[in-house]
Amino acid sequence: LGDTTEADMEAVVAIHNHMNETTWDKVLEWERVLSDDDNNSSSPKLLKFMGRPKDLSPKAALKHYILGHPLPFDRHDWTVLRPDGTTIRYVIDYYYDTHAKAPDQLPTIHDRSTPTQMMVDVRPALDSSHAFLARTLYMPLAQASNKTKFATLSLFPTNQMKQQVQESIQVWKNIQNNTKEPVTEQDLTPDQANDVLKEFKQMLQQCTKQEKALDQCNSDQSCAKASLDYTMCQAKQRCPLQHGSLVQVLQSGSDEKVEAALQHVTMCVTNAHAEAQRAREQLSSF
């Protein structure tokens, strides 16, 4: 892909997998505390995943604006399906601590043990009184009685983290700029819609090799890498700023900055597809 190597792509997949697995482990710790099944005979499943990088959670806003904590570099909402058929939504904020020990090198695709500077704040969304009790009563009691290994992130920043506030604000501003919504249907004239579709077609034509590899992949790991290759190829054509930022941070060895840059790339490519779809719909209405 020009500025990226095979090892780079494997490292990005490994970082993304590590981030998701760390999050899921913390979700399961919550579920063990909140479950009515003392034997934990069945496991919850992830029902829905939503990345919300532009939305600051109420807790993250409190930590930043009142307590002087750095902003998160990403936010996810995960909806979990419990064995009894009920669902619960978890809010996840991702932070990185640049003062923590960084890994000596980026991980390989099968690596799950490389140390990380990432901090994950996982908790049930306050969608019900039960979720409120879970956060204020059930989990603190389980922690006090050593019935869980879950560690709650402090609301208060360390002195070292206070030094990262300005950097986190800049990252947040970059997220807002890099994840802008595509133009709306009303903004497109017929000529503009045709131009959008022409550029979109040219982008896809440059990535036929990566698209073919994605169609032919036959394992989770190979498909994850093929999907990333395809996304990066499209980003290089349509989102050069985001693509260049990811290439640059790959040299830094920071898992969290790589994950944030990947989020920007993915959002930009997703917006390109959404804009092309809107252009098709608008042309069909003329």
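Author: Accessible areas come from the Shrake-Rupley method with a 1.4 Å probe, and for residues only the protein chains shown count as cover. By this method the chain exposes about 15300 Å², and carbon and sulfur atoms supply 50% of that area. The model is predicted: local features need pLDDT of at least 70 and side-chain atom pairs count only at pLDDT 80 or more, while totals for chains, interfaces and linings use all residues. Residues are numbered from 1 along each chain as its sequence is written, and side-chain values use heavy atoms, with hydrogens and water left out.

Reader: Why is Cys 207 called buried?
Author: Buried means under 20% relative accessible area (exposed is over 50%, partly exposed in between, with a 1.4 Å probe and protein chains only). Cys 207 has 0% relative accessibility, so Cys 207 counts as buried. Cys 233, at 4%, also counts as buried. Of the 286 residues of the chain, 43% are in the buried class.

Reader: What makes the link of Cys 207 and Cys 233 a disulfide?
Author: The definition asks for a pair of cysteine sulfur atoms within 2.5 Å. In this pair the S to S distance is 2.2 Å, so the pair meets the definition. The angle about the S-S bond is -95°, and the link is left-handed.

Reader: How many disulfides does the structure hold?
Author: It holds two. Besides the pair above, Cys 239 and Cys 268 are joined, with sulfur atoms 2.0 Å apart. Cys 239 sits in the loop between helix 8 and helix 9 (240-249) and Cys 268 in helix 10 (residues 255-285), 29 residues apart. Both cysteines are buried.

Reader: How do you know that strand 1 and strand 2 pair?
Author: Two strands pair if DSSP finds at least two bridges between them. Strand 1 and strand 2 (residues 74-81) have six bridges, in the antiparallel sense, so they qualify. Leu 46 stands opposite Val 80 in strand 2.

Reader: Why do strand 1 and strand 4 stand at the edges?
Author: The four strands form an open antiparallel sheet in the order 1-2-3-4. Strand 1 (45-51) and strand 4 (118-124) each have a single partner strand, so one side of each is without a neighbour in the sheet.

Note on methods
Helices (H or I, at least four residues) and strands (E, at least two) are DSSP runs, numbered from the N terminus.
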